[in-house]
Amino acid sequence: MSDGPIDSTVTENTPANDLAERSLLGEIDDRQLILRAQDGETEAFGQLVDRYQGRLFRTAYMILADRQDSEDVVQETLILAWKRLHLLENPAAFRGWVSQICSRRATDMVRRRARRQTDAHDPEDLQLESNGMADGSRRSRVDPAHTTEVNAQLHALAQILATLDSELRVCWVLREIEELSYREIAQTLSLTEPTVRGRIARARTQIIQRMEEWR
């Protein structure tokens, strides 16, 4: 996008320019929303919630394999993020920052309680949350077949991940689902990068083995 002057054929007060400005409101970047939210604008934070709650739920679910626990973690994450948002110095770091809050709370829950012996893998559990994800959300709403396929894949993956040790599962999820770097994962979990790499490698090996066993 050019930083030069606006085309003289459209002035700042024309309806065309106003319409363009309004159209950009729905695509305002995270940085602007975060700065507004840090100033106390709850509507701006609400837009951030809409953008990230689906991703956070997916991360929590892959770690916990339980819908209710995952919803609790996401709610706690968003509340804590709102309370601590003023401490975030770099708005560009918001995604990693809020993901770290979520993963830490999910990891704490894994350590605190044994996974409940209930059917936590109903594909319908993920459908509503998947519709809130940035990736493919519109397609999910208009393509039930695609939604069913995605939920079935998440269901199968969650079952496989549930068989892994929690320390391996958390590292794998942060790398493959949240797409954090090895360094970010190490910082999040207070580990060394070699330890993170080792755990992810072991998790990948076990996942492949489980997939072979289930065929």
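This is a predicted model: local features need pLDDT of at least 70, side-chain atom pairs count only at pLDDT 80 or more; totals for chains, interfaces and linings use all residues.
## The chain overall

What you're looking at is helical: the chain has 11 helices and zero strands. Read along the sequence, the pattern is α-α-α-α-α-α-α-α-α-α-α.

Of the 215 residues, 40% count as buried. If you take the contacts with a separation of 6 or more, 64% of them join residues 24 or more positions apart.

## How H2 meets H3

A pair of packed helices is described by the angle between their axes and the distance between those axes. For helix H2 (residues 30-38) and helix H3 (residues 42-64), the axes come within 8 Å and cross at roughly 135 degrees. That angle makes H2 oblique to H3, and the crossing is left-handed.

On the H2 side, the residues in contact are Asp30, Leu33, Ile34, Arg36 and Ala37. They meet Ala44, Phe45, Gln47, Leu48, Arg51 and Tyr52 in H3.

## A look at H9

Helix H9 covers residues 166-177, so at 1.5 Å a residue its 12 residues should span 16 Å. Its end C-alpha atoms lie 15 Å apart, which agrees.

Which residues of H9 are buried? They are Leu168, Arg169, Val170, Cys171, Trp172, Val173, Leu174 and Ile177. Note that a charged residue type, Arg169, is on that list. After H9 comes Glu179, whose phi is positive, near 60 degrees.

Notes
Residues are numbered from 1 along each chain as its sequence is written. Side-chain values use heavy atoms; hydrogens and water are left out. Helices (H or I, at least four residues) and strands (E, at least two) are DSSP runs, numbered from the N terminus. The expected span of a helix is 1.5 Å times one less than its number of residues. Buried means under 20% relative accessible area, exposed over 50%, partly exposed in between (1.4 Å probe, protein chains only). Axes are lines fitted to C-alpha atoms, for helices over the stretch in contact, and angles run from 0 to 180 degrees between N-to-C directions. Angles under 35 degrees count as roughly parallel, over 145 as roughly antiparallel, 65 to 115 as roughly perpendicular and the rest as oblique. A crossing is left-handed if the near helix is turned anticlockwise from the far one by less than a right angle, and right-handed if clockwise. Contact means heavy atoms within 4.5 Å.
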